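Please report on the fold in this model, from its overall build down to single residues.

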Amino acid sequence: VTHSIPACIGSMAINGRQLDNESPVSIFAVNKCYETVQEGTFFDGSGFAALVREGYKVRSDVNITLEFRTTAVHGVLLGVSSAKVDAIGLEIVHGKVLFHVNNGAGRITVTYEPRGTNSLCDGKWHKLQANKSKHRVSLIIDGNLVHTDNPYLQSTSADTNNPIYVGGYPADVKQNCLTSKSSFRGCLRNLVLTKGQHTELFDFSRAFDLRGVFPHSCPGAEL
């Protein structure tokens, strides 16, 4: 066995001596346990998950769906960016959800603005769907559709071949379609990217880089 156990461990004793797990000599990727938990992945607001090391090709069409819950009004949700300008990005900024796309001719943004600043940051689950179809861009939050006009009709493909960063990204990685550098704090689940007939459900425990992310459960209490 070469991986850690996705579980809680308590009241451990060796030769009858109780171990003090409140003040360990060293600690790595260990979170506190919660009396109630929910399915999903917990992001503690300090890092990110990096998926698809070999690179994800957005190109002309992609549909992103996920569920999130947070009490923070800022946070990166997802980004895929080339070293040039082609990129996509999803983020929460001032309680609004923004979906940015750059097919090479210029960035366009579709924004979902809730009625109240904190209505998406209430610690409850919200469903998100972001769709890029050639030059068309749309966003659906909890069943509410918003879209925007794109002046760059001839530019249809976001030519990326880069990792997918979720919940944040490293300081030395460029993200052309994200305005926030704030890591997401909260829980995500059911991240699915669809291209044509190909649908991929992403398992955060298989990320090639995890920092401040606990893939197996979310605290059930308010974050």
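Helices (H or I, at least four residues) and strands (E, at least two) are DSSP runs, numbered from the N terminus. By that reading the protein has 0 helices and 17 strands. The model is predicted, so local features need pLDDT of at least 70 and side-chain atom pairs count only at pLDDT 80 or more, while totals for chains, interfaces and linings use all residues. Residues are numbered from 1 along each chain as its sequence is written, and side-chain values use heavy atoms, with hydrogens and water left out.

**Overall build**

The C-alpha trace spans about 70 × 40 × 30 Å along its principal axes. The radius of gyration is taken over C-alpha atoms, and the globule rule is 2.2 Å times the number of residues to the power 0.38. For 223 residues, a compact globule would come out near 17 Å; the protein has 19 Å, which agrees.

Buried means under 20% relative accessible area, exposed means over 50%, and partly exposed lies in between (1.4 Å probe, protein chains only). Buried residues make up 43% of the 223 residues. Accessible areas come from the Shrake-Rupley method with a 1.4 Å probe; for residues, only the protein chains shown count as cover. The accessible surface of the protein is about 12,500 Å², and 48% of it belongs to carbon and sulfur atoms.

Contact means heavy atoms within 4.5 Å. Of the contacts with a separation of 6 or more, 73% are between residues 24 or more positions apart.

**Strand S14 and its partners**

Two strands pair if DSSP finds at least two bridges between them. S14 (185-195) has antiparallel pairings with S4, S5 and S15.

| Partner of S14 | Residues | Bridges | Example of opposite residues |
|---|---|---|---|
| S4 | 41-56 | 4 | Phe43 and Gly186 |
| S5 | 61-69 | 6 | Thr65 and Val192 |

S14 and S15 form a hairpin with 2 residues between the strands. There, Gly196 takes a positive phi near 60°.

Asn190 is in strand S14. Its phi is positive, about 55°, although Asn190 is not a glycine. Asn190 counts as partly exposed, at 37% relative accessibility.

His94 sits in the loop between strand S7 (87-93) and strand S8 (96-102). His94 also has a positive phi, near 50°, and is a residue other than glycine. The relative accessible area of His94 is 52%, so His94 is exposed.

**Asn176: a buried loop residue**

Asn176 lies in the loop between strand S13 (162-166) and strand S14. Its relative accessible area is 15%, so Asn176 is buried.

Leaving aside neighbours within four places in sequence, Asn176 is in contact with Ser81, Ser82, Ala83, Lys84, Val85, Ala87 and Arg107.

Cys177 has 0% relative accessibility and counts as buried. Cys187 is also buried, at 0% relative accessibility. A disulfide is a pair of cysteine sulfur atoms within 2.5 Å. How many disulfides does this rule give? The count is 0.

**Lys57 in the S4–S5 loop**

Lys57 is placed in the loop between S4 and S5. With a relative accessible area of 34%, Lys57 is partly exposed. The side chain of Lys57 makes a polar contact with the side chain of Asn161, at 3.3 Å. Beyond neighbours within four places in sequence, Lys57 is in contact with Thr160, Asn161 and Lys195. Ser81 is 24 residues from Lys57 in sequence, and their C-alpha atoms are 9.8 Å apart in space. Ser81 is also one of the contacts of Asn176.

Methods:
Polar contact = N/O pair within 3.5 Å; in protein donor to acceptor, adjacent residues only side chain to side chain.
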